[in-house]
Amino acid sequence: MSEAMQRLARVLGEARTSDGIFSATWAREHGLPSWTIDRLVDDGVLERVAPGHLRATNLAWDLRARQRQALIVTGSGSALAARSALHQWGIRDRPQQIEVLVPRGQRHRRPVVRIIQSTDLTAVDLTIHRGLQTSTPIRALLDAARFLPPLALQQAISAAISANLVDIDQLNQRFLEIARRGRPGVRKMRACLATFGVDPDATVFERDLERIIARGNFVRPVRQLPVKTDGKTYFLDHAWPELRKWSECDSMLAHGSAEDLRKDLERQNRIIAETGFEPMRFTYFDVHERPEYVTEILGRHIPKVVLGDESFTC
């Protein structure tokens with residue numbers, strides 16, 4: 001065996017951990033110069049399967065190899081999504097086409113799969129499962145809602161809960177964080193969540209804060225009050241319009257990246273500057289571990305309900 005073929009054998013042996021796919025850069029670092037790679041491609045020993053990536057032509061293309069190819073083609077930050085991710089987690093059967101989730105605006109040279117673009121993709125939505133970047137079960141269900149009929153979606157949620165992959169309250173919370181008008185599948189997912197006994201209009205975080213407000217006998221707030229600033233409409237978690245106060249539930253899930261945090265702080269600053277509303281910010285830890293602190297802050301800003309006027313909402 002020639003020295004070049006010995007080097008190729010070593011490269012292909014190590015590439016088995018990545019379903020036989022390897023980068024040309026990696027091959028050169030392991031002793032295969034560019035001219036040798038080009039010759040092997042011309043001789044039909046290797047094939048180019050994605051920009052800068054190769055694979056031996058004698059290897060069979062199974063689903064896993066196709067999935068890895070799809071992730072390479074669609075670029076960094078992409079992940080198996082929706083029905084493909086549900087199949088990867090063992091929740092549903094294999095879909096006819098590989099589905100991949102990518103950040104919106106990311107360009108694709110060769111879209112060989114169904115691409116789902118997202119403006120709200122964060123680190124909390126992604127994980128490595130069985131060696132491939134994959135949407136978490138929660139994110140996979142939320143993205144699959146656009147494709148699955150209601151009964152199939154309900155069955156997928158039930159299967160994920162039974163497999164201890166999803167907590168229904170966490171699913172509801174992430175749904176509310178990314179749900180928006182016009183997003184495919186929102187209405188369907190909201191209806192499904194309601195069948196599981198959760199309020200698809202309030203996160204667990206927000207419901208627990210409302211319990212503190214009720215126990216403290218404070219004036220009830222308006223939930224998700226719309227306010228307009230600079231031509232945009234924002235929604236305040238809990239607002240007391242007459243007092244120009246609102247409470248902000250700061251969730252780590254909503255701030256999965258520095259960019260997410262920047263956008264949220266910009267949103268809050270615009271609301272403060274242009275509407276005159278003053279925020280009371282509470283974290284998940286505050287609400288669940290320091291309710292007395294939350295009660296103290298509320299007491300400084302929000303009046304108590306007057307006896308005999310319990311129905312009053314600010």
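R270 and E274 pair up through their side chains in a salt bridge, with N and O 3.8 Å apart. This is a predicted model, so take that distance as a value computed from predicted coordinates. Why do these two sit about one helical turn apart? Because they are four residues apart in helix α11, which covers residues 258–275.

Neither end is hidden away: R270 is partly exposed at 24% relative accessible area, and E274 is partly exposed too, at 44% relative accessibility. Elsewhere, salt bridges that share partners tie D120, D125, R139, D143, R146, R174 and R183 into one network.

## D143 and its two arginines

Let's zoom in on D143, a member of that network. Which residue does D143 bridge with its closest N and O atoms 3.0 Å apart? That one is R183. The pair links distant parts of the chain, 40 residues apart: D143 belongs to helix α6 (residues 137–144), while R183 lies in the loop between α8 (168–178) and α9 (186–195). Is the D143 and R183 pair buried or exposed? Both residues are buried.

D143 also meets R146 in a salt bridge, with an N to O distance of 3.9 Å. The cut-off for a salt bridge is 4 Å, so the D143 and R146 contact falls within it.

## The overall count

How many salt bridges does the model hold by this rule? The count comes to 20.

Now for the strands. Three of them make an open sheet, ordered β1-β3-β2, with antiparallel pairing. The edges are β1 (22–23) and β2 (46–50), each of which pairs on one side only.

Strand β3 (residues 53–56) pairs with β2 over four bridges, again in the antiparallel sense. In this part of the sheet, R48 stands opposite L54 of β3. Which helix packs on the sheet? Helix α4 (residues 63–74) does, touching β2 and β3, and its direction makes about 60° with that of β2.

Key
Residues are numbered from 1 along each chain as its sequence is written. This is a predicted model: local features need pLDDT of at least 70, side-chain atom pairs count only at pLDDT 80 or more; totals for chains, interfaces and linings use all residues. Side-chain values use heavy atoms; hydrogens and water are left out. Buried means under 20% relative accessible area, exposed over 50%, partly exposed in between (1.4 Å probe, protein chains only). Two strands pair if DSSP finds at least two bridges between them. Contact means heavy atoms within 4.5 Å. Axes are lines fitted to C-alpha atoms, for helices over the stretch in contact, and angles run from 0 to 180 degrees between N-to-C directions.
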